[in-house]
Amino acid sequence: MTATFDPKANLVMCRKYQEELPKMPYPPFPNKAGEELQNTVSKKAWDEWLEHQTMLINENHLSMMDPEAKKFLTEQRNKFLDNADYERPQGWTPQAK
């Protein structure tokens, strides 16, 4: 018996871009929330979030030991991935594509 190749196996319907895009190779967190993100967010959207998250952490001098900072970033992540109004660093302008 030959294994069949499913080209859609590595795709996910991205909640940010509303299209099928390559998925993350592994969940970003080792829990159910991480699995949910892997199944609903593309690698492209996740990489963009990580870049934005770094700007938020640096701009706001956030400590990842602070539960309030973690809560803030989780809220911002969900807004970012759902295309809601999320916080941007001061002076931020989108990159020309």
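**Exercise 1. The chain as a whole**

Task: State the accessible surface of the protein chain, then describe how the chain is built.

Solution. 
- Step 1. The protein chain has an accessible surface of about 7,100 Å². Carbon and sulfur atoms hold 54% of that surface. The values come from a predicted model.
- Step 2. Turn to the elements. The chain contains 3 helices and 2 strands. Read from the N terminus, the order is β-β-α-α-α.
- Step 3. Look inside. Of the 97 residues, 25% are buried.
- Step 4. Check the contacts. Take those with a separation of 6 or more; 44% of them join residues 24 or more positions apart.

**Exercise 2. Salt bridges**

Task: How many salt bridges does a search of the whole structure find?

Solution. 
- Step 1. The search gives 3 salt bridges. The general idea is simple: side chains of opposite charge can pair when their charged atoms come close.
- Step 2. Start with Arg-15 and Asp-82. Their side chains form a salt bridge at 2.8 Å, N to O. This pair ties distant parts of the chain together, 67 residues apart. Arg-15 sits in the loop between strand 1 (11-13) and strand 2 (20-22), while Asp-82 lies in the segment after helix 3 (67-81). Asp-82 has a relative accessible area of 44%, so it is partly exposed.
- Step 3. Go on to Lys-43 and Asp-47. In this salt bridge the closest N and O atoms are 2.7 Å apart. Both residues belong to helix 2 (residues 43-60). They are 4 residues apart, so about one helical turn separates them. Lys-43 is partly exposed at 37% relative accessibility. Asp-47 is partly exposed too, with a relative accessible area of 36%.
- Step 4. Finish with Asp-85 and Arg-88. Their side chains meet in a salt bridge at 3.6 Å, N to O. The cut-off is 4 Å, so a pair at this distance still counts. Asp-85 is exposed, at 64% relative accessible area. Arg-88 is partly exposed, at 34%.

**Exercise 3. A pocket and its lining**

Solution. 
- Step 1. Note the volume. The second largest pocket has about 180 Å³.
- Step 2. List the lining. It consists of Pro-28, Phe-29, Trp-46, Trp-49, Leu-50, Gln-53, Met-64, Lys-70, Leu-73, Thr-74 and Arg-77.
- Step 3. Assign the helices. Helix 2 and helix 3 each give at least two residues to this lining.
- Step 4. Sort by class. The lining has 7 nonpolar, 2 polar and 2 charged residues. Lys-70 and Arg-77 are the charged ones.

**Exercise 4. Positive phi**

Task: Where does Gln-18 lie, and where does His-61 lie? Is Gln-18 buried or exposed? Is His-61 buried or exposed?

Solution. 
- Step 1. Most residues other than glycine have a negative phi.
- Step 2. Take Gln-18. Its phi is positive, about 55°, although it is not a glycine. Gln-18 is found in the loop between strand 1 and strand 2. Its relative accessible area is 56%, so Gln-18 is exposed.
- Step 3. Take His-61. Its phi is also positive, about 50°, and it is not a glycine either. His-61 is in the loop between helix 2 and helix 3. Its relative accessibility is 71%, so His-61 counts as exposed.

Note on methods: Residues numbered from 1 in each chain as written. Predicted model: local features only at pLDDT ≥ 70, side-chain atom pairs only at ≥ 80, totals over all residues. Heavy atoms only, no water. Buried < 20%, exposed > 50% of the residue type's maximum accessible area, 1.4 Å probe, protein only. 1 Å grid on protein atoms, 1.4 Å probe; cavity = no way out; pocket = protein on both sides within 12 Å on 5 of 7 lines; lining within 4 Å. Points joined across faces, edges and corners; volume = space filled by probe spheres on them. Contact = heavy atoms within 4.5 Å. Areas by Shrake-Rupley, 256 points an atom, 1.4 Å probe, with all protein chains shown as cover.
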